[in-house]
Amino acid sequence: MELLKEKIKQEGIVLSNTVLKVDSFLNHQIDPVLMLEIGKEFSQRFADKGITKIVTIESSGIAPAVMAGLQMNVPVIFARKRKSMTLINDLLTAKVHSFTKNETNEISVSNKYLTENDQVLIIDDFLANGQAAIGLIDIVQQAKANIAGIGIVIEKAFQEGGQLLRDKGFEVVSLARVASLEEGKVTFVSDKTAEVMK
Ligand code: G4P
């Protein structure tokens, strides 16, 4: 998605060879106009999948997921990372280990909002090692719902998550695929290379 890649080039800050900071439009301050375009893009890319629900994880997945839900006219469920005072019963849970942060969280979703008739689109802001997505997949499968696809705003293609999910047979659509963050510079996987990789 050209608009997103331009935004990353202009405002993204390369913190290291593995970490890209996008606090100005995605992870802290949010650009609603860009999020709306991202929602439209996801809606178009998954238009033929009969999506009935979107599932994401707090916190930074929520903005792009809500915009996609708005465009697709379907509800958006976000998995919680911390226990909620009101969300106690009938929880579907999964453990998610973050290699980046070296911590494991138990994420949860109420089984009230997912049924076996649902066609679920999983959305997240970043795809790195794929552990958050694997946790969400686990939860959706516990509800016996079908995973119709996975939409990612920024995939770090040099980490293993994308390959892991595609090898499991999931359709992963990433709106920007970062090939490398070497020498302080963001290089994207060119669209031609992406076509070959499909
Ligand atoms: P994984 O789910 O793909 O295995 O990723 P990992 O555990 O490595 O990532 C942990 C957190 O760090 C996630 O957010 C993920 O979105 C974020 N993250 C990973 N790589 C980058 C990066 O290069 N840049 C930025 N900005 N974030 C990255 P989180 O802790 O759940 O944060 P939030 O959703 O509450 O904002």
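This is a predicted model: local features need pLDDT of at least 70, side-chain atom pairs count only at pLDDT 80 or more; totals for chains, interfaces and linings use all residues.
1. Residues are numbered from 1 along each chain as its sequence is written, and side-chain values use heavy atoms, with hydrogens and water left out.

2. Helix α1 spans residues 2–11, and its buried residues (under 20% relative accessible area, 1.4 Å probe, protein chains only) are L4, K5, K7 and I8. Viewed down the axis of α1, these residues fall within an arc of 160°, so they line one face of the helix; the arc is that of the directions from the helix axis to the C-beta atoms. An α-helix has 3.6 residues a turn, so residues three or four places apart point the same way. On the other side of α1, K9 and Q10 are exposed (over 50%). Helices here are DSSP runs of H or I with at least four residues, and strands are runs of E with at least two, numbered from the N terminus.

3. The axes of α1 and α2 lie 10 Å apart, at an angle of about 145°. Axes are lines fitted to C-alpha atoms, for helices over the stretch in contact, and angles run from 0 to 180 degrees between N-to-C directions. L3, L4 and K7 of α1 meet L34, E37 and I38 of α2, contact meaning heavy atoms within 4.5 Å. By class, this contact has 4 nonpolar, no polar and 2 charged residues. Ala, Val, Leu, Ile, Met, Phe, Trp, Tyr, Cys and Pro count as nonpolar, Asp, Glu, Lys and Arg as charged, and the others, Gly among them, as polar.

4. Helix α2 (residues 32–45) also packs against helix α3 (residues 62–72), at an angle of about 55° and with the axes 7 Å apart. Residues making this contact include M35 and F42 of α2 and M67 and L70 of α3. They divide into 11 nonpolar, 3 polar and 1 charged.

5. A179 belongs to strand β9 (residues 172–180). At 30% relative accessibility, A179 counts as partly exposed, the class between buried and exposed. Beyond its neighbours within four places in sequence, A179 is in contact with F158, T187, F188 and V189. F158 and A179 are 21 residues apart in sequence and 5.7 Å apart in space, C-alpha to C-alpha.

6. L15 sits in the loop between β1 (13–14) and β2 (20–21). With a relative accessible area of 55%, L15 is exposed.
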